[in-house]
Amino acid sequence: MGKFILKYFNLIRAVIAILIGIIIGVCIIYIISKEPGVSLKSLFLGPLLSKSRFGNFIETASPIIFCGLAIAIPFQAGQFNIGAEGALFIGAVVGTAFGVSTNMPAFLHIPLVLLVAGLTGAFWGSIPGFLKAKWNTSELVISLMLNYVAYFIGLYLINFHFRDKAAGYLVSYKLPETAWLIQFIPGTRIHIGVIISLGFAVLIYYFLYHTTLGYEIRTSGFNINFARFGGINVFKVIIIAQVIGGFIAAIGGMTEVMGVHRRFNWQLSPGYGWDGVVVAIIGRNNPLLIIPSSLFLAYLRVGGKILNLLSDIPAEMITVIQSIIILLITAEAFLAGWKYRITVREAKAKEVGRT
Amino acid sequence: MSPLLKSILSPQFVFAIIRVTTPLLFAAIGVAISALSGSINIGLEGIMLVSAFFGVIISGFTGSLLLALIGGILVGIGMGALLGYFHLKLKADIIIAAIALNMFASGITVFFLYIFAHDKGTSSSITSLVFPSLQIPIIKEIPILGEIISGHNVLTYFALISVALFYYLTYKTSLGLRIRAVGQNPDAAESVGVNINRIKLYSLLLSGFFGSLGGLYLSMGYVSWFSRDMTAGRGFIAIAAAALGGNFPLGTFLGALFFGIVNAIAIYISPLNIPSEFIHSLPYFVTVVALAIYSIRLSRRKKILSEKEEI
């Protein structure tokens, strides 16, 4: 038992943090809701109760997985670039602009639109990356500020150049059908982008743990001076990690546009970039663990939306729960005493066994 | 002279600069105090948000400005304490903990806004009190200068006083000395018996105090309501302002003033035929440019210094 706990300590710790977050959520519902039973049911079972809601749950997980990866790579390199939100937004805008103004067969159109979006995001990620690598400018503040800049420039582009005036509200023209990602489960909007996101997670896992550049990224994040002395080009690593992050975030935004809405319709920044921060932390920046973390968060998000519709509790409760979970997971001393006691007990047991 | 130039050269424009600088200045002082102790607080965004919210709610339900002020400040200091607890006691990374705290603030304020005001956008259904404006006798009679200096919100004057307070605290008190010592060389500070964690906690509490005033000003001075995420990145711009000023009192003031001027210009050029999206993005864009230039200069200076050392 003790050995098992020690081996999977980080996982168990994360699960306990998540449980505490959820218990706090349940308590809040009991205190505030007039019909706690209905509220709890819509939050925890809501996403499973109909096919379309289940579809919502899966399609919400997809951009969160993308953004989780986009945050995890710079985080692994020790770079606090939290610009996934901006890269996603501006990438989706420029990709949409390219998609609606070009015409070609689908086998060319889909990859090209994704590429244009991705390159825009990569460019967006390169700004804080370059500034940090070259002059040690805080990538945290720069990427945050660029989130706002991306939002306003994106809105400008849609509003003044690609706005579908027939629609009555601020949306772009519809993408031509050659740039649509297929929705392959009838009755839901689950689209190919979901599969692409899973593919990216596996790819990034391989990249980080089985390639030289991935090793350099992780080493730079672990100890930048060690990396420098070991002959790693830290300058390159800092930039590349953020460029790849921006690229992936933008692909995530673009697949959502191409698969779900088929036009750009975000009047507010969708917040996936922040969800990406959450799942990267829950999944300890491990691409494969980001998948279940994203499914978990997407489930809570959709449950929260249903809760919002069917009961008297606002969906923002989910934001509160997730912030508590992050605080507990990043708190290194949380449950450290427990781990220490088990370690000591195990060591003693070993000693006794030997003598 | 063009009408724009005329309006920018008017006393009203300078008045507007001081007005929009106020929340930035409070937040920047909060950032600078925490940065001096070596634990930079990027949670000012969240601190301002909860204080702005609870100020409005408390004043709306009790009708007491004093209670709103005390409540708002306590909530802000509480946020600082929470950050300190997680960072110093539970060993959480301060940046991630602060990001979580900002998220927490954004969620909890909208959550309670819905509970209290049944609205997820603004608190307009609750009548909030505002902090009074102050007409300074004699000075207000002076032409131009009177128009600029007199008639501001009480909190605006306190923000200016806070710069002096910040100076006094960091350079004339033992606490300030300890904060700086802990920030510059924690090992040396510890070796002479300074409790590092306690000093860092104090600096985070102070940071929460100044941040809370910035938040209260936003919802109960600048406007008279709370709206979701109304801090709009000011807590982050404040980080840039404090960095630009090297975390020195006067420097922090000038840094905040710089972004205040940019904000005021953004407000003043909005009647022109420029798409509003560009105007809104201006303060954030300028922050990127200013911070980049600042770090270029800093790294050049460091380079020169290290070259000198080699010789």
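**Notebook: chains A and B**

I began with burial in chain A: 54% of its 355 residues count as buried (20 or more other C-beta atoms within 10 Å of the residue's own; 12 or fewer is exposed, in between is partly exposed; C-beta atoms are placed from the backbone). The model is predicted, so I kept local features to pLDDT of at least 70 and side-chain atom pairs to pLDDT 80 or more, while totals for chains, interfaces and linings use all residues. Residues are numbered from 1 along each chain as its sequence is written, and chains are lettered from A and ligands numbered from 1 in the order in which they are written.

**Chain A overall**

I looked up the secondary structure of chain A and found 15 helices and zero strands (DSSP runs, H or I of at least four residues for helices, E of at least two for strands, numbered from the N terminus). Its radius of gyration is 22 Å, close to the 20 Å from the globule rule for 355 residues, so chain A is as compact as a globular protein of that length. That radius is taken over C-alpha atoms, and the rule is 2.2 Å times the number of residues to the power 0.38. The C-alpha trace spans about 80 × 60 × 35 Å along its principal axes.

**Chain B against chain A**

Next I took the contact between the chains: chain B gives 40 residues and chain A gives 38 (C-beta atoms, placed from the backbone, within 7 Å). On the side of chain B that touches chain A, α4, α5, α11 and α13 each give two or more residues. α5(B) gives the most, with 14 residues. By class I noted 27 nonpolar, eight polar and five charged residues on that side of chain B. Nonpolar means Ala, Val, Leu, Ile, Met, Phe, Trp, Tyr, Cys and Pro; charged means Asp, Glu, Lys and Arg; the others, Gly among them, are polar.

**Leu291(B)**

I then picked Leu291(B), in helix α13 of chain B. Leu291(B) counts as buried because it has 23 C-beta neighbours inside 10 Å. Leaving out residues up to four places away in sequence, Leu291(B) touches Thr137(A), Ser138(A), Val141(A) and Ile142(A), as well as Ala240(B) and Ala243(B).

**α2(B) and α12(B)**

Last, I checked α2 (residues 11–36) and α12 (residues 249–268) of chain B, which pack at about 140° with axes 7 Å apart. Axes are lines fitted to C-alpha atoms, for helices over the stretch in contact, and angles run from 0 to 180 degrees between N-to-C directions. The two helices are therefore oblique to each other (under 35 degrees is roughly parallel, over 145 roughly antiparallel, 65 to 115 roughly perpendicular, the rest oblique).

Note on methods
Two residues are in contact if their C-beta atoms, placed from the backbone, lie within 7 Å.
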